[in-house]
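Subject: Structure for your review

Dear colleague,

Please find below the structure that I am handing over to you. My findings follow directly after it.

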Amino acid sequence: MSTDTTPLSSPLSSTPRTRLRRHHERGMSDRDSLYEVLDAGLICHLGVVADGVPVVLPTAYGRDGDTLYLHGSSANGAFGAAAGRQVCVTVTHMDGIVCARSVFSHSMNYRSAVVFGTATLVRDEDERWQALRLITDHLIPGRWAAARQPTRKELAATSVLSLPLTEASVKVRTGMPADEPEDYDLDVWAGVLPMAVTFGQPEPDPAMRQEIPLPVHIRDRAS
């Protein structure tokens with residue numbers, strides 16, 4: 001397993017792939033901002049070239065220090081094709097639609113992270129076990145300990161990739177629309193329509209015995 005030895009607020013390295021071409025003011029250069037975007041997300045998108053064709057796969061993930069772990073099926077050829085290859089992983093949060101006075105100036109408030117690197121297939125059984133625990137608890141903290149642990153057959157059907165957080169960029173937009181000066185006198189509503197991801201009330205499985213109570217980790221996640 002990886003150990004996070006990176007000091008807090010250490011800068012992100014700038015490379016030709018992570019250098020922002022537009023809206024440099026939205027770029028975040030500290031590593032803590034990268035962690036915040038990744039830790040707040042639930043699903044990432046893995047971009048890989050499989051059999052000469054670009055493929056983007058949505059998948060669950062978890063972070064341990066400066067290592068990102070991704071979960072997939074062993075039968076997924078595209079996921080398996082990422083092992084030993086250059087990949088791109090993205091995580092995006094939509095925080096609002098920015099309504100400007102002109103169509104051209106409309107935008108979105110968002111937080112996004114893009115990670116580049118070589119993915120590695122995790123073969124060590126202890127690391128695979130810990131990575132799957134990490135991914136499970138990233139979705140619902142405390143769930144791994146509350147549920148049945150994987151069998152050998154289930155572990156064989158599951159692949160785990162690791163990706164170092166060495167080369168990454170973070171971009172954030174907040175605030176109101178930036179209209180052209182002459183557009184501020186237009187009779188057009190302008191502002192932000194906020195967006196947020198929320199959990200609803202837990203829905204028990206009808207096949208579950210009625211005496212089983214709602215566990216604290218589910219209640220806390222839904223609150």
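How many of the seven residues of strand S4 (residues 67-73) are buried? Five of them are, and strand S4 is thus described as mostly covered. Please keep in mind that this is a predicted model.

Strand S4 has two pairing partners to examine. With strand S3 (residues 53-64), S4 runs antiparallel, and four bridges join the two. Within this pair, leucine 70 of S4 lies opposite tyrosine 61. S3 and S4 form a hairpin with two residues between the strands, where glycine 65 adopts a positive phi near 60°.

Strand S8 (residues 158-164) is also antiparallel to S4, and seven bridges link them. Here tyrosine 69 has serine 162 in S8 as its bridge partner. As background for reading such strands, side chains in a regular strand alternate between the two faces of the sheet.

Turning to the chain in general, six helices and 10 strands are present. The C-alpha atoms occupy a box of roughly 65 × 50 × 40 Å along the principal axes. The chain has 223 residues, of which 38% count as buried. Among contacts with a separation of 6 or more, 72% come from residues 24 or more positions apart.

Yours sincerely,
A colleague

Methods
Residues are numbered from 1 along each chain as its sequence is written. This is a predicted model: local features need pLDDT of at least 70, side-chain atom pairs count only at pLDDT 80 or more; totals for chains, interfaces and linings use all residues. Side-chain values use heavy atoms; hydrogens and water are left out. Buried means under 20% relative accessible area, exposed over 50%, partly exposed in between (1.4 Å probe, protein chains only). Contact means heavy atoms within 4.5 Å. Two strands pair if DSSP finds at least two bridges between them.
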